[in-house]
Amino acid sequence: MSTASRNLQTIVFVLIAVGLIALALGGYLNPFSRILLNPLIELQTWVYSRYQVAQNVLRAPQDIARLQQRNLQLEAQVSQLQAQIIELQQQLTEARILSALVDFARANPENRYQAAAVIGRDPSPFLRYILINRGSDDNIRRGMPVVTQQGLVGRIDAVTANAARVQLITDSGAVVNAKIQPSGTQAVLKGQVSGDLLLDLIPQGAPIEVGNLVLTSGLGGGYPPNIVIGQISGIRSQPQDIFQSATVQSVVDFNQLEIVLVIVNFRPVNLEPLIPQGSQP
Amino acid sequence: MAILAAFLVFIPLLMIQIGILANLPLIQGYPDLILITILAWSLRREVRTAWHWALIGALLVTWVSAMPFGVYLLAYTSVVGLALLVRRMVWRIPFLSMLVMTIIGTFVTDSISQLALQLSGRPFVIEYTFAAIFLPSVLYNFLFAIPIYALIGELARWLYPLEPLYES
């Protein structure tokens, strides 16, 4: 082939190339390029997706092991944080109870209090006693009243050096001299086997109503006066009876006792020497 | 060793009973882990210290309870006496004996407790105590009788490995 012919071919190619570029830039080749490129793009997509699948298959065991390890770490961390939350919630509850007890002690400056934690309950289902973690080493003595910020709980029944047993007012052997407000009527509060409170020996005709407040009267010297016990929740009155009785809803939730206050400056009066020997059972 | 084991068994059980289970009443009934343990121990043929266990258990419970002195002593020794009688009468002690003795033991303990409290001047409502205390306590005791019987059996086998199988 001669030189002139090769030059002509080159010029023709260049012109075709320039023409195609010009057509492409002008957008005239788009339909053709779409037809040509679409299958290629589809093919490329398929090839790449297959590559990714193969890569995942090859890397999976390593990832799963790493993820499992991470999962275990996170689960351990979650457990630790949950335990921490429970502990903090417990501390918060204790702090709230103590704060309420401190407020109560400040509101009643005439008494000196010793706070004690409840550490157990009497094993017998017939008795309602609690055990507290303060004893004679903390100046706790038999007969001292036990209260919470809500009201009367009971009194100390037995003491050791570092612990004491408290008879709750709901115990069937507990008796508290009480008065009903606003009438000021005197009555006797007795614990029941069921754990309820019964206000007995209320004179017939005494003006009492459901919702009246029941407080300690202080009579008999067993408890200090004016400690809140609860509210009258029901009245039983028969015309033929000498006395009427009433059920009392205690202000203290005896199932939720955690911390109590012992009134350490109160000494119960021992009336036994004043009772004639013949009248004792 | 068996007597020392009584303290090691009873003290944690008593702590669980007064610290945890006493806060979880079923109506008004509570389980008596000490009673069940004494029963499970007494019903084992190889055991020779049933009375000792009853005495130790009763003293420990009396120490923490406000129940009049002697109530648990009388109750637990009575229950051990009955359990030993059952052990002699029944050639093999099946698990059924444990369950029957759990009912009898709970009844004996509750009856003696109730009688003692009544004598000390407390009110006595038989229908209420039967429905709200005795029946739930039996149910609760059944629940604990199964695992305690198995555990005490293992302890008895460990403490009396060479004891003969017949009753002397």
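**Two chains, term by term**

Tutor: Among contacts in chain A between residues at least 6 apart in sequence, 55% join residues at least 24 apart. The model is a predicted one.

Student: What is the corresponding share in chain B for residues 24 or more positions apart?

Tutor: In chain B, 78% of the contacts with a separation of 6 or more are between residues 24 or more positions apart.

Student: What makes chain A more spread out than a compact globule?

Tutor: Take its make-up before the value. For 281 residues the globule rule gives 19 Å, and chain A has a radius of gyration of 44 Å, so chain A is more spread out than a compact globule. Its C-alpha trace spans about 155 × 45 × 35 Å along the principal axes. Of its 281 residues, 27% count as buried.

Student: How do you know whether chain B agrees or disagrees with a compact globule?

Tutor: A compact globule of 168 residues would have a radius of gyration near 15 Å, and the value for chain B is 16 Å, so the two agree. The C-alpha atoms of chain B fill a box of roughly 50 × 30 × 25 Å along the principal axes, and 40% of its 168 residues count as buried. Chain B has six helices and zero strands.

Student: Why is A:P145 called buried?

Tutor: The cut-off for buried is 20 or more other C-beta atoms within 10 Å. A:P145 has 24 C-beta neighbours inside 10 Å, so A:P145 counts as buried. This residue lies in strand β3 (residues 145-147) of chain A.

Student: Which residues does A:P145 contact, leaving aside neighbours within four places in sequence?

Tutor: They are A:L152, A:R155, A:Y223, A:P224, A:I227, A:I263 and A:F266. As for A:Q167, 22 residues from A:P145 in sequence, the C-alpha to C-alpha distance is 9.6 Å.

Student: Why is A:F243 called partly exposed?

Tutor: Partly exposed is the range between the cut-offs, 12 or fewer for exposed and 20 or more for buried. A:F243 has 15 other C-beta atoms within 10 Å, so A:F243 is partly exposed. This residue belongs to strand β11 (residues 243-250) of chain A. Residues up to four places away aside, A:F243 touches A:D200, A:L201, A:I202, A:P203 and A:Q204. A:Q77, 166 residues from A:F243 along the chain, has its C-alpha atom 65 Å from that of A:F243.

Student: What makes α4(B) roughly antiparallel to α5(B)?

Tutor: Helix α4 (residues 71-89) and helix α5 (residues 95-119) of chain B pack at about 155 degrees, with their axes 9 Å apart. An angle over 145 counts as roughly antiparallel, so α4(B) is roughly antiparallel to α5(B). Their crossing is right-handed. Residues in the contact include B:L74, B:S78 and B:L82 of α4(B) and B:M101, B:G105 and B:V108 of α5(B). By class, the contact of α4(B) with α5(B) divides into 12 nonpolar, five polar and no charged residues.

Student: How many residues of chain A are in contact with chain B?

Tutor: 18 residues of chain A are in contact with 24 residues of chain B. On the chain A side, the elements that give two or more residues are β1 (113-121), β2 (129-132) and β5 (164-168). The largest share, three residues, comes from β1(A). By class, this side of chain A has eight nonpolar, six polar and four charged residues.

How values were computed:
Residues are numbered from 1 along each chain as its sequence is written. Chains are lettered from A and ligands numbered from 1 in the order in which they are written. This is a predicted model: local features need pLDDT of at least 70, side-chain atom pairs count only at pLDDT 80 or more; totals for chains, interfaces and linings use all residues. Helices (H or I, at least four residues) and strands (E, at least two) are DSSP runs, numbered from the N terminus. Two residues are in contact if their C-beta atoms, placed from the backbone, lie within 7 Å. Ala, Val, Leu, Ile, Met, Phe, Trp, Tyr, Cys and Pro count as nonpolar, Asp, Glu, Lys and Arg as charged, and the others, Gly among them, as polar. The radius of gyration is taken over C-alpha atoms; the globule rule is 2.2 Å times the number of residues to the power 0.38. Axes are lines fitted to C-alpha atoms, for helices over the stretch in contact, and angles run from 0 to 180 degrees between N-to-C directions. Angles under 35 degrees count as roughly parallel, over 145 as roughly antiparallel, 65 to 115 as roughly perpendicular and the rest as oblique. A crossing is left-handed if the near helix is turned anticlockwise from the far one by less than a right angle, and right-handed if clockwise.
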